[in-house]
Amino acid sequence: MLIGIGAGNPDYITLQAINALKQVDVVFVTDKGEETVDLLRVRKDVCERHMQTKPYRIVEIQDPKRERRPDAYPVVVAAWHEKRAALYEQVIREQLSEKEVGAFLVWGDPSLYDSTLRIIDQVAALKTVEFEWEIIPGITSIQALAARHRISLNEIGEPIHITTGRRLNDERPAAGTNVLVMLDGNCAFKALDSDNIDVFWGAYLGTPDEILFAGRLSELSEQIEQVRTSARNQKGWIMDTYLLRKRGATEC
């Protein structure tokens with residue numbers, strides 16, 4: 001099973017996810033090193049909180065190193081996914097018996113900017129180990145962002161566009177368009193003509209370390225970048241997302 005466990009708040013996990021966890025014998029978690037030890041701890045806390053009905057075990061998978069070459073991003077990510085698929089295939093084959101149920105706990109929702117679903121598809125395509133799987137949806141950082149800022153994601157009758165920081169420069173918001181940005185490690189919003197754009201930004205959403213900013217992008221851009229850099233240096237990692245809204249549209 002691929003179980004969405006929400007954006008960070010332990011209360012964000014759904015009843016469906018809790019019921020699914022009660023069936024699980026083996027939890028597979030990816031260990032990305034000391035910098036993300038907090039993320040590993042939260043997964044373990046979820047297990048301790050919701051998996052008390054029967055014994056279970058946690059199997060940690062050392063995440064393979066990933067190259068950082070923006071000029072060859074698709075090729076680099078594809079190679080990284082292949083390495084992950086090989087590791088996932090190995091642990092499923094070696095650690096999960098035929099009668100046991102295994103699960104990967106996924107931040108937010110498995111369908112939105114997460115590679116686990118694609119990697120499990122690759123493992124299944126190898127046909128070296130047989131298994132069936134299902135997906136349990138979770139609350140995304142996008143939903144958490146809107147709730148914490150008390151805003152609607154869309155304008156009346158207008159679309160919502162979801163993109164990444166890497167692509168933001170080519171997909172900047174037009175009037176009436178709501179652009180949600182994820183995976184922005186370089187504060188791509190700095191390159192926008194921001195005089196008439198509002199930003200709703202959030203990091204560590206739903207956790208005790210949550211940080212929120214809302215207002216004119218032109219007035220907050222530098223502050224967000226500084227706070228983001230400081231928080232990342234302090235914790236070793238950061239998860240943030242934001243909504244850009246061009247002024248002139250009416251909120252529903």
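## Pocket, sheet and buried residues

User: Which residues lie nearest the centre of the second largest pocket, and how many residues line it?

Analyst: In this predicted model, Leu96, Glu100, Gly102, Phe131 and Glu132 lie nearest the centre of the second largest pocket, and they belong to a lining of 20 residues. The space in this pocket comes to about 410 Å³, and the largest share of its lining, three residues, is contributed by strand E4, residues 102–106.

User: What makes a residue of that lining count as nonpolar, polar or charged, and how do the residues divide?

Analyst: The residue type decides: Asp, Glu, Lys and Arg count as charged, and Gly is among those that count as polar. The lining of the second largest pocket divides on this basis into 12 nonpolar, three polar and five charged residues.

User: What makes the pair Glu89 and Arg93 a polar contact?

Analyst: The side chains of Glu89 and Arg93 are joined at 2.8 Å, and the limit for a pair of N or O atoms is 3.5 Å; the pair is therefore counted as a polar contact.

User: How do you know that E2 and E4 pair, and in which sense?

Analyst: Pairing requires at least two bridges, and strand E2 (residues 26–31) is linked to E4 over three bridges, in the parallel sense, so the two strands pair. Within this pairing, Phe28 stands opposite Phe104 in E4. Both strands belong to an open sheet of five strands with parallel pairing, in the order E3-E2-E4-E1-E5, whose edge strands, E3 (57–62) and E5 (135–136), each pair on one side only.

User: Why is strand E10 described as largely enclosed by the rest of the structure?

Analyst: Of the seven residues of strand E10 (residues 240–246), six are buried, and therefore the strand is largely enclosed by the rest of the structure.

User: Which strands pair with E10, and over how many bridges?

Analyst: Strand E7 (residues 178–182) pairs with E10 in the antiparallel sense over five bridges, where Leu180 has Leu243 as its bridge partner. Strand E8 (residues 197–203) also pairs with E10 in the antiparallel sense, over seven bridges, and there the bridge partner of Ala203 is Asp240.

How values were computed. Residues numbered from 1 in each chain as written. Predicted model: local features only at pLDDT ≥ 70, side-chain atom pairs only at ≥ 80, totals over all residues. Heavy atoms only, no water. Polar contact = N/O pair within 3.5 Å; in protein donor to acceptor, adjacent residues only side chain to side chain. 1 Å grid on protein atoms, 1.4 Å probe; cavity = no way out; pocket = protein on both sides within 12 Å on 5 of 7 lines; lining within 4 Å. Points joined across faces, edges and corners; volume = space filled by probe spheres on them. Helix = DSSP H or I, 4+ residues; strand = E, 2+ residues; numbered from the N terminus. Buried < 20%, exposed > 50% of the residue type's maximum accessible area, 1.4 Å probe, protein only.
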